[in-house]
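My entries follow the order in which I looked things up.

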Amino acid sequence: MSISATQVKELREKTGAGMMDCKKALMENDGDMEAAIDWLRTKGLAKAAKKAGRVASEGLVGVATEGTKAAIVEINSETDFVARNEGFQKLVRDIAETALTVGGDRDATAAATYPGKSHSVEAELSEQIATIGENMTFRRAAGLAVDAGVISSYVHNAIAPGLGKIGVIVAMESTGDADAVNALGRQIAMHVAASNPLAVTPDEVDADVAARERAVYSEQARESGKPENIIEKMVEGRMRKFFEEVALLKQPFVVDPDNTVEKAVEAASKEIGAPIKVAGFVRFEVGEGVDKKDDDFAAEVQAMAGGN
């Protein structure tokens, strides 16, 4: 029978078992959720179920590079203490290396065979949850590659090579000297870590994000009571400023704030005698966008109040 992604997601949330194991459990039990849970329990695959409901917003970002390709992953844990565990660090490093072999695809990485084992990355994560005693999640992965050029990387707050709280990979296309291009690429990766741009160029900024900004600026401008043609000019001016703030190439370069990133790339291109193009970037920060549950928030408030 056909098993939907929604069913698999629900079973994963209820049991903490791996994606492929959940799918198999549902198929073996004709889509019956409770029977699938019992099936996973009998196989010993739901042993981390009681931990699966706890929010994992700590952890590490792992970066792996090889030649003209790179991959980046985020593996979450409940506490920063676990992130400093050598076993957890090895897990993140191994998953990043695995992601590198499948182009950074998250689901393909989860289903791939874990290095040195006969089971999947997802299954290894479940085993580590039981061993370490905390909920852990393989949140996301991405990859970049270029035909000619380099993939530069930077890890902020690194606790081990390629592992830290913020990771960035940047695709630099060029036929020029690879070392020179990589040196610039690493500086740009550091810039991305610090400035968190939304896209490389203004044209690449998500259309929905731009539309929301435009709507806000339009409403603000109309409150001024000015004529519509003046309002339009006001909005366009604010949108230009918005794009300068969020588009990588338009931002003041953190290494040289008197110039934009775009100007720095142009200068480097002249210096090495070959065009350089920033073709893309990926920035992962541990826990960004993760909503903590109310009970976790309440526990934090109680702790801050001295437990009273």
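I began with the rule for counting: a salt bridge is a side-chain nitrogen of Lys or Arg within 4 Å of a carboxyl oxygen of Asp or Glu. The model I am reading is a predicted one, and by this rule I count 16 salt bridges in it.

I looked up Glu58 and Lys165, whose side chains meet in a salt bridge at 3.7 Å, N to O. The pair links distant parts of the chain, 107 residues apart, with Glu58 in strand β1 (residues 58–66) and Lys165 in the loop between β5 (163–164) and β6 (166–173). Glu58 is partly exposed at 27% relative accessibility, and Lys165 is partly exposed at 21%.

I then turned to Glu74, which forms a salt bridge with Arg139, their closest N and O atoms being 3.2 Å apart. Glu74 lies in strand β2 (residues 69–77) and Arg139 in strand β3 (residues 136–145), so the pair ties together parts that are 65 residues apart in sequence. I noted Glu74 as buried, with a relative accessible area of 0%, whereas Arg139 is partly exposed at 31%.

Next I checked Asp80 and Arg84, whose side chains meet in a salt bridge at 3.2 Å, N to O. Asp80 is partly exposed at 26% relative accessible area, while Arg84 counts as exposed at 52%. I also recorded one network, in which salt bridges that share partners join Glu74, Arg139, Arg140, Arg283, Glu285 and Glu288.

My last entry concerns Glu124, which I found in helix α7 (residues 121–132). Because buried means under 20% relative accessible area, Glu124 counts as buried at 3%.

Key
Residues are numbered from 1 along each chain as its sequence is written. This is a predicted model: local features need pLDDT of at least 70, side-chain atom pairs count only at pLDDT 80 or more; totals for chains, interfaces and linings use all residues. Side-chain values use heavy atoms; hydrogens and water are left out. Helices (H or I, at least four residues) and strands (E, at least two) are DSSP runs, numbered from the N terminus. Buried means under 20% relative accessible area, exposed over 50%, partly exposed in between (1.4 Å probe, protein chains only).
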